[in-house]
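User: I would like to learn how to read a structure of this kind, feature by feature. Could we take the general idea of each feature and then its case here?

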Amino acid sequence: MSETIPFRPYQPGTQPEYDTPAYGSTRKRHPMQRLQALPQTVTETTGPRFSALRFPPSEDLTTNTTGTAAIGERIIVAGAVMDENGRAVPDTMVEIWQANATGRYDHPGDQHDAPLDPNFRGAGRVFSDAEGRYRFLTIRPGAYPWPNHRNAWRPNHIHFSLFGPAFATRLVTQMYFPGDPLLAFDPIYQGTADSEARQRLVAAFDMDLTEADWALGYRFDIVLRGREATPMED
Amino acid sequence: MPIATASQTVGPFWHLLEDPTWADLTRFGAIGEKLTLTGTVIDGDGAPCTDACVEIWQADPPASDSFPGFGRSRTDARGEYRFVTIRPGPVPGRGNALQAPHIAICVMARGLMKGLVSRAYFHGEELNETDPLLTSIEQAARRDTLIAKPADPGVWRLDIRLQGDGETVFLDL
């Protein structure tokens, strides 16, 4: 049964470390003890299923708040969800959340002095199709300051949340934009050692996704952990 | 072969996704012994983490139309998460092993570059003595960080200490 096949370990250096001193909030929140190895069991190799009937898709963030168009540059964000074996991950829930065009989240904790847009909540949800593809229409999020260090600014980014087929494939990440000069200074983006792994967090401008007289297109492909080739050892 | 996308922190504003009803795994009419699982998420200074996203998953009872098996709870102003779910039974481990009843936990928060995975077991379960994960943890005090304790009737408490004294055992999957 494929459900009992464990997922491969992450490639060294391709995931950030809990202890990332340049990102100040990690200092009191990262574990000091070594993680306990856990050979995967049915608890880890299975996971929740979300159905579009119960969790309705909302793919257009530019109008999904009030019905009136939000302010800002419309963009299309689309891509494919696949696993490390190169297989499409179909029917998986993809959720995003983000700041508005001015760099402000519609969240009581965000005290940045930039205007809210009453027509932009900044949250959306879709399900990947049979080929693993997903697509959102949204507003390009603004950069914003944060208190990590003097003159700290988060690069433009969109938060992504995915589940995949198992508890072990849960992924929360952030998509960045090509050519953003703030990437070089951002401790969260820089917190992953492998430069190619970082680069894969940057969407590609895509003329084929771009729609004439409407919106620029950005492609962001997402890779979830893949299962080992063989069932786990007894 | 493609390589898995890097995790990035969930940050402090993940509540834009939040649906508070997700913390009640019995909301679709699940049948079984209801329980509340609650606790405080605590940082290395002993301060409550008030912006965390705590998720749970249990393989038993099996997910169905009436039981999602998955829940998500914010931590509140006191750092407390709170789930209502159905008490799990034992599930198979590797080989012939049987795992004691448990609920998988994933904590995400500002300051966590990736989710921290742990488990909640239940105090007083006989199978805890032979559970493959619990018995693989050498120090009894550390093992205890995974065992929820009865509080009020039907309420089980498990604090999650991210760092320092009493640090929760976190798992490498």
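Analyst: The contact between the chains takes 65 residues from chain A and 56 residues from chain B, where two residues are in contact if their C-beta atoms, placed from the backbone, lie within 7 Å. On chain A, the elements that each supply at least two residues to the side touching chain B are β1 (36-37), α1 (42-45), β3 (93-97), β8 (157-162), β9 (171-176) and β12 (222-224); helices (H or I, at least four residues) and strands (E, at least two) are DSSP runs, numbered from the N terminus. With four residues, β9(A) gives the most to that side. This is a predicted model, in which local features need pLDDT of at least 70 and side-chain atom pairs count only at pLDDT 80 or more, while totals for chains, interfaces and linings use all residues. Residues are numbered from 1 along each chain as its sequence is written, and chains are lettered from A and ligands numbered from 1 in the order in which they are written.

User: Which scores does the model carry, and what pLDDT does chain B average?

Analyst: The model scores ipTM 0.97 and pTM 0.97. The predictor's confidence in each residue, from 0 to 100, is the pLDDT; chain B averages 97, and 100% of its residues score at least 70.

User: How should I read strand pairing, and which strands form the open sheet of chain A?

Analyst: Strands of a sheet pair through backbone hydrogen bonds, either parallel or antiparallel. Two strands are taken as paired if DSSP finds at least two bridges between them. In chain A, four strands form an open sheet in the order β4-β3-β8-β9, with antiparallel pairing. Because β4 and β9 of chain A stand at the edges, each with a single partner strand, one side of each is left without a neighbour in the sheet. Five bridges join β3(A) to β4(A), four join β3(A) to β8(A), and six join β8(A) to β9(A). Residue by residue, E95(A) stands opposite R125(A) in β4(A) and has S161(A) as its bridge partner in β8(A), while S161(A) in turn has V172(A) as its bridge partner in β9(A).

User: Where does a strand of chain A pair with a strand of chain B?

Analyst: β1(A) pairs with strand β12 (residues 171-172) of chain B in the parallel sense, over two bridges. Within this pairing, A37(A) stands opposite D172(B).

User: How is burial judged, and is β8(A) enclosed or open?

Analyst: A residue is buried if 20 or more other C-beta atoms lie within 10 Å of its own, exposed if 12 or fewer, and partly exposed in between, with C-beta atoms placed from the backbone. Six of the six residues of β8(A) are buried, so this strand is largely enclosed by the rest of the structure. H157(A), H159(A) and S161(A) point one way from β8(A), whereas I158(A), F160(A) and L162(A) point the other way.

User: What does a loop residue such as Y105(A) touch?

Analyst: Y105(A) lies in the loop between β3 and β4 (123-127) of chain A, and, with 24 C-beta neighbours inside 10 Å, counts as buried. Not counting residues up to four places away in sequence, Y105(A) touches A99(A), D110(A) and G122(A), together with F13(B) and L16(B).
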